[in-house]
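Subject: A structure for you to explore

Hi there,

Here is the structure I promised to hand over. Have a look around first, and then read on for what I found in it.

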Amino acid sequence: MMGVTVLFSVAAKSLRYRLSGVILTTIAVALSVFVLLGVEHVRQESRSSFASTVSGVDLIVGARTGDINLLLFSVFRIGSASANVSWESVEAINEHPQVDWVVPLSLGDSHRGYRVVGTTEGFFDRYHYGRKQQITFDTGSQFSETADVVLGAAVAKSLGYGIGDSLILSHGVADTSFVHHDQVPFTVVGLLSPTGTPVDNALFVSLEAIDAMHADEETAQEHGHDERESHDDHNGHDEHDEHDEHGEHHAHDEHDEHDGHDEHDEHDEHGEHHAHDEHGEQDAHDHSGPLGSVSAVLVGLDGPFATLQVQRWINEFEDEALLGILPGVTLTQLWDIMARIEDTLRGIAILVFISSLFGLNAMLLASMRERRQEIGILRSIGAPSLFILGMLVAESLLIVIVGIVLAIGCLIVAIGAVNGFLMSEVGISFSYQILYPTSLIALTLIVIVSVFMSLLPAWQAYRLSTSPGASSSQSTTFETRSLRDASS
Amino acid sequence: MSDAAAEEYAIALHDLAFQYDASTALVVDIPSWQVAKGEHVFLYGPSGSGKSTLLGLLAGLQVPTRGAVSILGEELSGLSARQRDRFRAQRIGVVFQQFNLIPYLSVVDNVLLASHFGDIRQPSSRSKALDLLTRVNLDDSLHDRLAGELSIGQQQRVAIVRALINSPQLLLVDEPTSALDHTNRDAFLALLFEVVQASGCAMVFVSHDPAIAASFERRDDIANLNHGATS
């Protein structure tokens, strides 16, 4: 295909000759492709990070409310629970034969604008994000004492807390809450590694701590707190050999002994047991109302096939109006709402791209006048009209391809630049995998559309090349003649 | 005129007429005109006499409204557009008044592009180009310069090389010296004759400059042969 080589070589030299205009046009194309690919990349990345906010959790159970509301407050900690789930129900769910584990969540407190999550140690084992990634501790470990608090990465970073710092939690979730649980200063015992999920923006305390806070607040009675402390004290030294890092757990291990010997070898089972512990403690203190309840429960099942069955059982729960949702399904529903915004962005990106193509065409059309001679010359040395047409198409093609390469390069550089910031601020990063099947299709379409659009100036060039005025001799001869006539 | 007779001529026109569109008068109306192979013709006439249009017809860039253009024995109207392009590339060389070269290609590339369209696949075309360039006194240092950077005189010399690279049998030259001063003009003409003589091709040289006419044995007034001229 020597002809094609010549075609592109001539086209490339022609572009180099008109470099300033070509550079501007190429930048315009590159920018528009950059926006197009960038929007697509952010879309894909946010979709996957969104979908991976929570994994490994089969069901999320809360008091009956909307699916999305339950997901929003339990996972994203947006909004709040309309009602709570009683301990009796948590217990009942845990005892369901197909339920593997439960992790209760107690929400509703905050610290300087960050949500406080009361939960069990099982949360750190059970809650996964991304592709089954576990939450890991950057430093320290999970709470063992009631007054221990574990901080999400973003909380620790933005508030500047480290291990051993003490802080006061507030009731309610407003940034400046008037009700502080001043009575209970918490000590930071663990900092989580960044996850890029709402986990980063939360503080984690034990359910006992939540209870203690509210109990103290209401009655200022100390005995509940003491009770728990003593409970912890005389608990489980028997398993220190297996669970070195989980010494803190042992408060609950005694309970484990009598309901789950068979599962002791697995760390993973802790979540389940804590629920029992809580239940036991709640019973002991005879809490009722909000103190004896949690906001939501994360549930793990024995197998994927049990999901719908258990969900139905929960939704038809007799003692309490409960709602069980499949996180994946509800995330998708939530995503569909957000997807409209992205469709809009995508639409804008496409319009930007089309306008850059018009710019490209305008440049080629504007150059047509000065290219009359060039076309005439090419014709006179035997260039077929199709060569002229092909040359114009090749020129647009080159501009678009250089634009695309430039855009991809810029996107990679931009991801690198943004990632440094994102990683340190919110613990997420964009992948460098910027070419998806959809974006490859988009790029192919970009090339096809630009070729198609370049047919307009190319056709004009073709027409010029076949029109009688094509032989440049004529126009130029006439011009110089008229000049000469004027002077004589 | 028989085909056999046409074979004898570089150019044979018969009852040729051309108009740009049906509503305007004929620009070219030539009952008969021949140029023998290897013959050099000086064609002169005032502006608007249809000289450039005639050259377009001879080069096959334009299709006659009526009549026949036979070039080197080939009836141009019998060829497809693609065939005419190929024919022009291979058999006809064209030199214009000015702006002969693609400004963004180097001197050598300008010449080689013509050889590309001539479809003559010989590795020697480059050495032939360099050889011809040397013969028109364009030294090596200029070969890789962009054509647009050369002086007009240099460009016109490159144009001769470009026109002759495919060893055409007909050279069409349109006012090639009008942009040159006297010294350059004479040098250019001397070169042109030298190179054309060596190649043995026929030449139609269009100009209104009587000083050049003296160099030609045959001088045709376009007013005499073109009845369609409206001046």
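Let's start with H2(B), which lies across S1, S2 and strand S4 (66-71) of chain B and runs at about 120° to S1(B). Contact here means that the C-beta atoms of two residues, placed from the backbone, lie within 7 Å. The axes are lines fitted to C-alpha atoms, for helices over the stretch in contact, and angles run from 0 to 180 degrees between N-to-C directions. Helices (H or I, at least four residues) and strands (E, at least two) are DSSP runs, numbered from the N terminus.

Before going further, please note that this is a predicted model, where local features need pLDDT of at least 70, side-chain atom pairs count only at pLDDT 80 or more, and totals for chains, interfaces and linings use all residues. Residues are numbered from 1 along each chain as its sequence is written, while chains are lettered from A and ligands numbered from 1 in the order in which they are written.

How confident is the predictor? pLDDT is its confidence in each residue, from 0 to 100. For chain B the mean is 82, and 94% of its residues reach 70 or more. Among the elements of chain B, helix H1 (residues 3-7) has the lowest mean pLDDT (55) and strand S8 (residues 202-206) the highest (90). The complex gets an ipTM of 0.85 and a pTM of 0.68.

Now for the sheet in chain B. Four strands form an open sheet in the order S2-S1-S4-S5 (chain B), with antiparallel pairing; two strands pair if DSSP finds at least two bridges between them. Strand S2 (28-36) and strand S5 (74-75) of chain B are at the edges with a single partner strand each, so one side of each has no neighbour in the sheet. Strand S1 (residues 9-18) of chain B pairs with S2(B) over eight bridges, and Ala12(B) stands opposite Gln34(B) in S2(B).

Where do the chains meet? The contact takes 34 residues from chain B and 26 residues from chain A. On the side of chain B that touches chain A, helix H2 (51-58), helix H3 (81-91) and helix H4 (107-117) of chain B each give two or more residues. The largest share, six residues, comes from H3(B).

Finally, chain A has 16 helices and 14 strands.

Enjoy exploring!

Best wishes

Notes. pLDDT = per-residue confidence, 0-100.
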